[in-house]
Amino acid sequence: MAQVEAITERVVAADPETVFDTLADYSGPRAKLMPEQFSEFEVREGGDGEGTLVHWKLQATKKRVRDCLLEVTEPSDGELVEKDRNSSMVTVWRVTPAGEGRARVVVTTTWQGAGGIGGFFEKTFAPKGLARIYDALLANLAAEVEK
C-alpha cells in the first residue's frame, strides 16, 4: 500500500483569522461550504475547532462513497486537522497570511492507498478528483468570507 496525497490551495481576499474561524465552525458556516459531493453532514460533538467530532459521506466518484467520522484538532495556529476514525484519511487545513487582508489556504489530504494495479490507478486519479472537490469547497469559502 502506498500513501496517496491530494493538495489544493487558494488565496482568499479575507483576513486569515476570519478564514480559519469560518473553516473551524462546523456547526455554523462550514456545513454551507460543503459542495454536493458531501452529504449527511452532522456535528456529533463540539462544533468549533479542537474537540469537534463531525460525520459526513464523501462521494468521491459515482461508485465510491466514503463514510467519514472525523476528529478535529488544532495542533498549531492556523492549522486544522481532520482524522477519519473509519480509515487512514487525514486532511490538514493550513491558513497563512498572503499579504494584507488576504489568506492562503492549503488543503492536504493523505491516506493509505490500495496495492497492485488498483493502487496505481488510485494514486494516479484520486488526487485529481479530490482536488476538484476541495477546489469547489475553497470557492464556496471565498464566496462566504469575501462578502
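Mentor: Let's start with Phe41, which is partly exposed at 25% relative accessible area (buried means under 20%, exposed over 50%, partly exposed in between, with a 1.4 Å probe and protein chains only). Keep in mind that this is a predicted model: local features need pLDDT of at least 70 and side-chain atom pairs count only at pLDDT 80 or more, while totals for chains, interfaces and linings use all residues. Residues are numbered from 1 along each chain as its sequence is written, and side-chain values use heavy atoms, with hydrogens and water left out.

Searching the whole structure turns up 4 aromatic pairs, and Phe41 with Trp56 is a stacked one, 5.9 Å centre to centre with 15° between the planes. For pairing, ring centres of Phe, Tyr and Trp (its six-membered ring) must lie within 6.5 Å; planes under 30 degrees apart are stacked, over 60 edge-to-face, the rest tilted. Phe41 belongs to strand 2 (residues 38-45) and Trp56 to strand 3 (residues 53-59), so their pairing ties together parts 15 residues apart in sequence. Strands here are DSSP runs of E, at least two residues, numbered from the N terminus.

Phe41 and Trp56 sit in a cluster linked by ring pairs, along with Phe38, Trp93 and Tyr134.

Methods
Helix = DSSP H or I, 4+ residues; strand = E, 2+ residues; numbered from the N terminus.
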